[in-house]
Amino acid sequence: MDPLQRALKSTFGYDTFRPLQREIMEASLSGLDTFALLPTGGGKSLCFQLPALVRDGLTLVVSPLIALMQDQVNQLEAAGVEATFLNSSLGAKESKSRIAGLHEARYKLLYAAPERLMLDHWQENLRQWNISAVAIDEAHCISEWGHDFRPEYRQIAKLREWLPEVPFMALTATATERVRKDIVQHLRLRDPSIFVASFNRPNLSYRVVPKDQPLRQITEFVRRRPVDSGIVYCATRSAVDRLAESLTERGFPAVPYHAGLTNSERAANQDLFIRDETRIVCATIAFGMGINKPNVRWVIHHDLPKNIEGYYQETGRAGRDGLPADCLMLFSAGDAAKQTHFIDEMSDAHEQRIAREQLRLMLHYADCPTCRRRELLHYFAESTDFENCGACDNCLQPRESYNATTQAQKLLSCAYRVRQCGRFGVGMNHLIEILTGSQNEKILRWGHDRLSTYGIGKELTRSQWAAIGRELLRTGYLAQDSGQFPTISLTQAGLEALKSRRVIHLTKAMAPAKSVQPRAGAIECDETLYDRLRRLRKRLADERGVPAYVVFGDNTLRLMAREYPASSAQLGTIAGVSEKKAAAFGDAFLGEIADYLRTYPKVSFSGPP
């Protein structure tokens, strides 16, 4: 068995690598700079942790968040790896002790924030500590084009000057082609080996439903998942606070997380969630990057995300352990209007154009009648070989199309008449105001109440017209420019359809859907035994002051509750049971299983786990 394979089994308890992990590790161990783009839950951390165990010297890991460092060091220590971190959470005495340990070559991995590395005397420290590799986690933070840009990440490039012979590894879970190039350029990676894994997360289901009494919708959703942990993302701090309070009042304890809380309040609420003391966190997008909790079973977007990249990253916090998880977005056209208002208030015209294009793509995703997984993968320029993913609302419950020729003709004609009567275009909302016979100031001032299309659409509500408008944009009959005041115009296809009165079929608007229950990645097991093992895990974790998943992940517990191991040798064959964890926890779990089998018979399962 080669060193990497041996270390994978003995330290982490796994027999096989995930896609691209071995290739990334071997490139780094051969001294090459590497760029690795792996989806959330794809095993990025192992790509630098495992090589650190088989190479001489210290691996330096640049990480953006205190919680992320602490969590990874906790898990490494539980696996028997000498690792440490240095950040502002430590007192002077503890920092001094850890620095002394680094001078004594006591550790294999050091986690540090970028600003800490730039302090006085650190250049000399780094040279003395025999650093043999540098890993930059969450590398998209270095790019202004990334969804989570952090100016302090720009300083990391100095490490290349200080450690010119050391191989660098940049890792991220989400990055467009432009961001990838930016990362390589700013980190000064030298002819890097580039690895891009599939963005597909087959264990996640994706649903978008019309927002209608969101508190009721969310309450019903969490009631059906009485033991599962989840995150609700909201657009504003006030929405976070209101929702957390309302859920708690209804018997679903939830904690808030946003930048308006103090550092200690945020840390305390995050800790409650990570340690399973509360199973719901309501948060702004400030929450998430430092969360390594593998058993988040669902993510809800209470409001429309700003862009697809952020949406992908946020949904990716569910199901990191590979077990099924649900992603639900509540969508309303009103959310899009709010986003547009925020964009209009931006002072930088370039930023406005980017934000409008990102919002357009987000709206396209929310409205699309096709496979949502394909839409996400297409955004990241990944081709697909399937039409139906079997785990999104549009694939499981396809929306019907209908003959929308009359409505489409009215809206296309309205756009054409506006362009005819004036030298300027108008936005979609203004076209809808004309169709529904509004008498607002602009309609009257511009004479649009005298158009032949004025008031001919009163049979539909404004929201229904907005849905038709989005469909006509999606299908290419209308186009919207990206200027400061986005205006609507007919495309050539729209003009031809208007003149020929061609039959136009559009997809019906979304309707509330039944619950989607994906099975991709599920591990069938004895659920009663699994529940007992979960409670044992929680007790052992609390005794050690660590999150439950540091003891064992959900997938490992489910395999135990399926295989019923009766000896240390049998327990050692379970994925996720390393030598160190078997020694520390094996007797307790074997005892619990044996005690269970004195009362209950084994359950048989068909097919592979």
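**Exercise 1. Show why helices H15 and H16 are roughly antiparallel to each other, and describe the contact between them.**

Before the solution, a word on the basis: this is a predicted model in which local features need pLDDT of at least 70 and side-chain atom pairs count only at pLDDT 80 or more, while totals for chains, interfaces and linings use all residues. Residues are numbered from 1 along each chain as its sequence is written, and side-chain values use heavy atoms, with hydrogens and water left out.

Step 1. Locate the elements: H15 covers residues 349–367 and H16 covers residues 372–379, where helices (H or I, at least four residues) and strands (E, at least two) are DSSP runs numbered from the N terminus.

Step 2. Take the geometry: the two axes come within 9 Å and cross at roughly 160°, the axes being lines fitted to C-alpha atoms, for helices over the stretch in contact, with angles running from 0 to 180 degrees between N-to-C directions.

Step 3. Apply the classes: angles under 35 degrees count as roughly parallel, over 145 as roughly antiparallel, 65 to 115 as roughly perpendicular and the rest as oblique, and H15 and H16 are therefore roughly antiparallel to each other. The crossing of H15 past H16 is right-handed, a term for a near helix turned clockwise from the far one by less than a right angle, with anticlockwise giving left-handed.

Step 4. List the partners: Leu361, His364, Tyr365 and Ala366 of H15 meet Arg372, Glu375, Leu376 and Tyr379 of H16, contact meaning heavy atoms within 4.5 Å. Sorted by class, this contact holds five nonpolar, one polar and two charged residues; Ala, Val, Leu, Ile, Met, Phe, Trp, Tyr, Cys and Pro count as nonpolar, Asp, Glu, Lys and Arg as charged, and the others, Gly among them, as polar.

**Exercise 2. At what angle do helices H10 and H11 pack, and which residues of the two helices meet?**

Step 1. H10 (residues 214–223) and H11 (residues 237–249) pack at an angle of about 50°, with their axes 11 Å apart, and the pair is therefore oblique.

Step 2. On the H10 side Leu215, Ile218 and Thr219 meet Leu243, Ser246 and Leu247 of H11; by class this contact has four nonpolar, two polar and no charged residues. H10 passes H11 in a right-handed crossing.

**Exercise 3. Which residues touch the most other members of the largest nonpolar core?**

Step 1. A nonpolar core is a set of buried Ala, Val, Leu, Ile, Met, Phe, Trp, Tyr and Cys residues joined through side-chain atoms within 4.5 Å, where buried means under 20% relative accessible area, exposed over 50% and partly exposed in between, computed with a 1.4 Å probe on protein chains only.

Step 2. Among the 107 residues of the largest core, Leu126, Val134 and Leu159 touch the most other members, and the largest share of this core, six residues, comes from H15.

Step 3. Leu159, once its neighbours within four places in sequence are left aside, contacts Leu60, Val62, Leu117, Met118, Leu126, Val134 and Phe168. Apart from this core lies another, of 30 residues, which includes Leu536, Tyr549, Phe552 and Ile574.

**Exercise 4. Are Asp393 and Glu471 buried or exposed, and which residues does each touch?**

Step 1. Asp393 belongs to helix H17 (residues 393–396) and is buried, with a relative accessible area of 5%. Beyond four places in sequence, Asp393 contacts Tyr206, Arg207, Val208, Arg372 and Pro398, and Arg372 is also one of the H16 residues that meet H15.

Step 2. Glu471 is found in helix H21 (residues 462–474) and, at 6% relative accessibility, counts as buried. Not counting residues up to four places away in sequence, Glu471 touches Asp367, Pro369, Leu506 and Thr507; from Cys368, Glu471 is 103 residues apart in sequence and 8.3 Å apart in space, C-alpha to C-alpha.

**Exercise 5. Where do Thr487 and Ala381 lie, and is each buried or exposed?**

Step 1. Thr487 sits in the loop between strand S15 (478–480) and strand S16 (488–490), and with 13% relative accessibility Thr487 counts as buried. Its contacts, leaving aside neighbours within four places in sequence, include Arg419, Gly425 and Asp481.

Step 2. Ala381 is found in the loop between H16 and H17 and counts as exposed at 72% relative accessibility. Its phi is near 60°, a positive value in a residue other than glycine.
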